[in-house]
Structures are given as structure tokens and as C-alpha cells.
Amino acid sequence: MIFPLIISNKYYIVIIMNYAGPTDDVTLLRTKCAQNKLKLTPQRIAIYEALRGAMDHPSADRIYRRIKKKYPSLSLDTVNRTLLTFARIGLTKTVEGYGEPKRFDSNMRPHHHFRCLGCGCIDDIHSKSFDNVAVSSKLKKQYAVQEKKVVLEGFCKKCQGKNKKICQTIRSKT
Ligand SMILES: [Zn+2]
Ligand SMILES: [Zn+2]
């Protein structure tokens, strides 16, 4: 959608927005809720929309903080339970993590992750060679592998500056 904003006859600013109508936004949520006999409540829509627009693999707490102003009656517990329901019905995935609050992924296509040990940011990585990582026949006998995901851990660009010494040591070892 393009909104021209005319300032004078010489200058004008054009604001380009990617705006998908509200009905498009919740189509998948509506379908999944119907399939799983869940009600399409305003809370579920709000949480789903906050998750959909998030590229940072947010925790329930982060989603809660983003929408609590607009939906003051919503509790963190509801957000948490709703996100877990979304994960169960295939609207989000939980990101692997150990001993930390669960993080949720809005990207449902197969991809890999980079996790920063400094600030905790998680970035999506798309890599053909990671997709093609082979699972040995020995492992296949032991486990029914459903999905292969590579997780890289280290320091993001921002944190590399703050942890210069640690990063140099890691680089010299690898
Ligand atoms: Zn970082
Ligand atoms: Zn992801």
C-alpha cells in the first residue's frame, strides 16, 4: 500500500507499507483453531499476531510485554499457555534451549539457528550444506529422526566487540 503525503508542491514523502488485511493475518490461525476445536478468541488473535511479526524468536514474557498495553487483561500465564497450544497445533515451534525460558519461532519453514552466548539473540540461518547433513545408518537404527537442525553458538557482531578477548581465543582454537 502506498500513502503519498504531500508536504508542498515541490516535495512529498511516500510511505510504503506492507499491509496484509486483518482477515489474511489470521487465516491460518482460524483454520488450525477449527481443526483442533479451539475458539478463535481475541487473546489468541493478539498473541498470534505478535508472534507472527516477531523475527527474534521471542519468549512468552517478551510477547506479553509487547501486547500488555493493548490488552491489559491478558496475563503472562495465558500468553505462555497459548504459545504452548500454538506449538502443539503447529502454529509455532519452540526453539531448543537448555534451562532458559522457552523461545518461540514464527518461521515454520525448515531452517537452522545461530544463538549468541552474549546477548541471547537467535538468528535464522538458511544453508544447503546444513540441510544436507547426513545421519549415519547407526544413528538411524537407534533413533527415528524427524528433523535435522544445526545450531551454531558463539557471539553476534554486537557482542564480538564487547567480548573481544574471548572471541580472539575462540578464533585461534577453531
Ligand atoms: Zn550477541
Ligand atoms: Zn528460527
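Start by selecting Gly90: this glycine comes after helix α5 and has a positive phi, near 85°. (Helices here are DSSP runs of H or I with at least four residues, strands are E runs of at least two, and both are numbered from the N terminus.)

A quick word on what you have open. It's a predicted model, where local features need pLDDT of at least 70, side-chain atom pairs count only at pLDDT 80 or more, and totals for chains, interfaces and linings use all residues. Residues are numbered from 1 along each chain as its sequence is written, while chains are lettered from A and ligands numbered from 1 in the order in which they are written.

Next, select residues 76-88, which is α5 itself. Its 13 residues should span 18 Å at 1.5 Å a residue, and the end C-alpha atoms are 18 Å apart, which agrees. (The expected span is 1.5 Å times one less than the number of residues.)

Now pick out Val79, Thr82, Leu83 and Phe86, the buried residues of α5. Down the helix axis they fall within an arc of 100°, so they line one face. (The arc is taken from the directions from axis to C-beta atoms.) Over on the other side, Asp77 and Arg88 are exposed. (Buried means 20 or more other C-beta atoms within 10 Å of a residue's own, exposed 12 or fewer, partly exposed in between, with C-beta atoms placed from the backbone.)

What covers that buried set? Look for α3 (42-52), α4 (60-67) and β4 (103-105), which are included in the cover. (Contact means C-beta atoms, placed from the backbone, within 7 Å.)

Conventions. Contact = placed C-beta atoms within 7 Å.
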